[in-house]
Amino acid sequence: MDEAFGNLRRRKQTLKVIKEFDAFPKIPENYQQTTASGGSVSLVSFLFIFVLVISEFWYYRATETKFSYEVDTDVDRYI
């Protein structure tokens, strides 16, 4: 029973450490500054990425597979 309780306690401690771990901590709000130019750059970037994704999809959909078959007239040769 004590061993099971010890395992449970270690698991909870491990989960606590994992929950507290933050690879990308939040920046304090007083360091953040929103500007119209920053928003414009974001919108232009998102629009450009959207156009690239759509154009790549159209290119993918427009690709056609062309099969070509020929009759082997040399019957004396082995494959």
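What is the secondary structure over residues 41-60, and how far apart are the end C-alpha atoms? In this predicted model, residues 41-60 are 100% helix and 0% strand, with end C-alpha atoms 28 Å apart. An unreviewed UniProt entry annotates residues 41-60 as "transmembrane region"; such annotations may be inferred rather than shown by experiment.

The chain has two helices and zero strands (DSSP runs, H or I of at least four residues for helices, E of at least two for strands, numbered from the N terminus). Helix H2 covers residues 36-62. Its 27 residues should span 39 Å at 1.5 Å a residue, and the end C-alpha atoms of H2 are 39 Å apart, which agrees; the expected span is 1.5 Å times one less than the number of residues.

None of the 27 residues of H2 is buried (under 20% relative accessible area, with exposed over 50% and partly exposed in between, 1.4 Å probe, protein chains only). Buried residues make up 0% of the 79 residues in the chain. Phe 48, in H2, is exposed, with a relative accessible area of 53%.

Residues are numbered from 1 along each chain as its sequence is written. Local features need pLDDT of at least 70, side-chain atom pairs count only at pLDDT 80 or more, totals for chains, interfaces and linings use all residues, and side-chain values use heavy atoms, without hydrogens and water.
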